[in-house]
Amino acid sequence: MTLSIRTDGLRVCYGDTEALGDLTLDLPGGKIYGLLGRNGAGKSTLLATLAGFRKPTAGTVRIGGEPIFENLPVTSRTCLIRDDSGVGDTGDNLRDILDMAKHLRPDWDDKYAGELMDRFTLPRKKTVGQLSRGQRSAFGVVVGLASRAPLTMFDEAHLGMDAPTRQLFLDELLRDYLARPRTFVISTHLIEEQSPIFEEVLIIDRGRLLVREELDELRTRGVSVTGPAELVEEFVTGLTVLSRQRLGPTVQAMVYGLLDEEHRRRARAKGLELGPVGVQDLFIHLTDNGRTEAEGAIR
Amino acid sequence: MFDDHSPIYRQIAEQIKADVLRGVLNAEEQVMSTNQYAAHYRINPATAAKAFQHLVDEGVIYKRRGVGMFVSADAQGRLRDQRRERFFADVLEPMVAEAQALGIPAAEIQTRIQQLFDQGGNGR
């Protein structure tokens, strides 16, 4: 069982501030989506709206074809684990929170929850308030995975976890996804570490969808062009240039988009050096708010 | 494990080809399933599936329905032929270009190559 996600002209405002504007998404169920964006780009607002925690100011959200807001049959099969608000109140002990989740969530797997508690070595008798930051995050992951919700979303669920725990998180998520395919949306800043498990990547910037691409395709979308300034400038005319770096007479331009064979031949003929650009670098330059020329040309 | 620069599926396919070429994976030997591969290398299963499909299309591996994927009987020979064809363009020509840029005479290179062959080394 998986749930698809569809938004049409989604707009969410906080007072006068627009957090999301005219966001239209059509995400088939059963995939792992990575949600990337800078701080304040609207990632958390989007996830909260998809989970039905927040009412859209305008536009619609449909999960598995159904409206999500105040629709219990759908919200109970949707799970959002957020970084800021822990799961449950700080005074509750972990065992009670797990018991409650069992009653609230129709897809909950109690045995699996127990296994995960052991794997993340979490103390059942302690309260949420007694946990370290990393343990709180790990507990969120336990609840998120054991909910087995057809749509499960993690909003920076790894915060405070050390590297081995983050690895365990990815391993468990992937293992359970392989055994029980469902829809995952994972927002993160750890692009290099977490992006290999994504099938598709969504980049949002200032409340708008900037890029939606298969992860592996995105890895071919950035090209660096290096050579004498004049030749580089001539070559990149008409292409989407994300950034330029000058080092004496040499210029390195970062270009977004697939270069066809003709372009590659021309570059070789002129002695220009073409190189790949990593996903993280691409992300940094795509969402650089100081940029001007790339804007609008990407979509 | 994977670099951040080229598609992961291509890197996986290259690794499996290298294993076949070196005889780490033998003809008719079963290769890991897509899911095993995804879990082991911590990558999305769709990416692993794409790599395997690529190898099937190239004839390096083949599917046995309901059983899994296996190395083709002629995979090693075929890959070796491909690499041999590319050797001169990919390895030798850039080497000669570099030697010319550095002013190293052909005779010196020939002597050195002969020495390496005589030692039975592979130049590594």
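What percentage of the 299 residues of chain A count as buried? The share is 41%. Keep in mind that this is a predicted model. Now start the tour.

**Stop 1: all of chain A**

Select chain A. Its C-alpha atoms fill a box of roughly 70 × 40 × 35 Å, taken along the principal axes. Switch to cartoon view. Chain A holds 11 helices and 14 strands. Take the contacts in chain A between residues at least 6 apart in sequence: 69% of them join residues at least 24 apart.

Next, colour by pLDDT, the predictor's confidence in each residue. The mean for chain A is 91, and 95% of its residues reach 70 or more. Now select residues 292-297 of chain A, where the pLDDT is below 50. Beyond near neighbours in sequence, this stretch has six contacts in the model. Where pLDDT is low, the predicted coordinates should not be read in detail.

**Stop 2: a sheet in chain A**

Select β11, β12, β13 and β14 of chain A. They form an open sheet of four strands, in the order β12-β13-β11-β14, with antiparallel pairing. Which strands stand at the edges? They are β12 (240-247) and β14 (273-276) of chain A. Each has a single partner strand, so one side of each is left without a neighbour in the sheet. Look along the sheet for its twist, which averages 20 degrees from one strand to the next.

Zoom in on β11 (residues 222-228) and β13 (residues 250-256) of chain A. Seven bridges join these antiparallel strands. Pick out Val223(A): its bridge partner in β13(A) is Val255(A).

Helix α9 (residues 229-236) of chain A lies across β11, β12 and β13 of chain A. It runs at about 145 degrees to β11(A). Helix α11 (residues 279-286) of chain A also packs on the sheet, touching β11, β12 and β13 of chain A. The direction of α11(A) makes about 100 degrees with that of β12(A).

**Stop 3: two backbone spots in chain A**

Select Asp22(A). It lies in strand β2 (residues 17-27) of chain A. Asp22(A) has a positive phi of about 50 degrees, although it is not a glycine. Is Asp22(A) buried or partly exposed? It counts as partly exposed, because it has 15 C-beta neighbours inside 10 Å, and a residue needs 20 or more to be buried.

Move to Arg206(A), in the loop between β9 (200-205) and β10 (208-214) of chain A. Arg206(A) is not a glycine either, yet its phi is positive, at about 45 degrees. With 16 C-beta neighbours inside 10 Å, Arg206(A) counts as partly exposed.

**Stop 4: where the chains meet**

Show chain B beside chain A. Here 17 residues of chain B are in contact with 19 residues of chain A. On the chain B side, α1, α2 (34-41) and α3 each supply at least two residues. Helix α3(B) gives the most, with four residues. By class, this side of chain B has nine nonpolar, five polar and three charged residues.

**Stop 5: helix α1 of chain B**

Select residues 8-21 of chain B. These 14 residues make up helix α1(B), and its end C-alpha atoms are 20 Å apart. Highlight its buried residues, among them Ile8(B), Tyr9(B), Ile12(B) and Val20(B). What covers the buried residues includes α8 (215-218) of chain A, together with β1 (30-31), α3 (45-57), β3 (68-71) and α4 (75-102) of chain B.

Note on methods. Residues numbered from 1 in each chain as written. Chains lettered and ligands numbered in written order. Predicted model: local features only at pLDDT ≥ 70, side-chain atom pairs only at ≥ 80, totals over all residues. Buried ≥ 20, exposed ≤ 12 C-beta atoms within 10 Å, placed from the backbone. Expected span 1.5 Å × (residues − 1). Contact = placed C-beta atoms within 7 Å. pLDDT = per-residue confidence, 0-100. Nonpolar A, V, L, I, M, F, W, Y, C, P; charged D, E, K, R; others polar. Pairing = 2+ DSSP bridges. Axes fitted to C-alpha atoms, helices over the stretch in contact; angles between N-to-C directions.
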